[in-house]
Amino acid sequence: QVSRFYSIDESVLRGTLKNKGTAEARQIAMYVCRKKLGLSYPELGRAFGGRDHSTVIHSIKKINKLLVSDKRVQALVTELELKTP
């Protein structure tokens with residue numbers, strides 16, 4: 001769902017490309033996967049290009065912060081959570 005919303009190929013979302021649009025999409029994807037699938041931080045790190053668990057923790061904390069302060073991110077995450085089984 002996240003890759004479709006951002007029009008980013010799933011392989012790019014899981015890959016190592018670093019730019020602002022891709023980073024935000026990847027962080028949101030990690031957040032939604034953690035919430036919906038209950039995967040551990042190391043499991044999520046492996047699923048997203050072999051990232052370290054600390055990177056995943058940082059991503060999820062960042063999205064949690066944005067959920068409090070950024071209405072755009074709130075709406076986006078809510079929409080993605082509803083679309084994701």
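## How helix 3 and helix 6 sit together

Helix 3 (20-37) and helix 6 (71-83) pack at about 50°, with their axes 11 Å apart. Axes here are lines fitted to C-alpha atoms over the stretch in contact, and angles run from 0 to 180 degrees between N-to-C directions. The two helices are therefore oblique to each other (under 35 degrees is roughly parallel, over 145 roughly antiparallel, 65 to 115 roughly perpendicular, the rest oblique). Helices are DSSP runs of H or I, at least four residues, numbered from the N terminus.

On the helix 3 side you'll find E24, I28, Y31, V32, K35 and K36, which meet R72, L76, V77, L80 and E81 of helix 6; contact means heavy atoms within 4.5 Å.

## About the model

This is a predicted model, where local features need pLDDT of at least 70, side-chain atom pairs count only at pLDDT 80 or more, and totals for chains, interfaces and linings use all residues. Residues are numbered from 1 along each chain as its sequence is written, and side-chain values use heavy atoms, leaving out hydrogens and water.

## The nonpolar core

The largest nonpolar core has 20 residues, with V2, Y6, I28, Y31 and V77 making the most contacts inside it. Such a core is a set of buried (under 20% relative accessible area, 1.4 Å probe, protein chains only) Ala, Val, Leu, Ile, Met, Phe, Trp, Tyr and Cys residues joined through side-chain atoms within 4.5 Å. Helix 3 gives the most, with 6 residues.

Leaving aside residues up to four places away in sequence, V2 touches L13, A25, I28, A29 and L80.

Notes
Buried means under 20% relative accessible area, exposed over 50%, partly exposed in between (1.4 Å probe, protein chains only).
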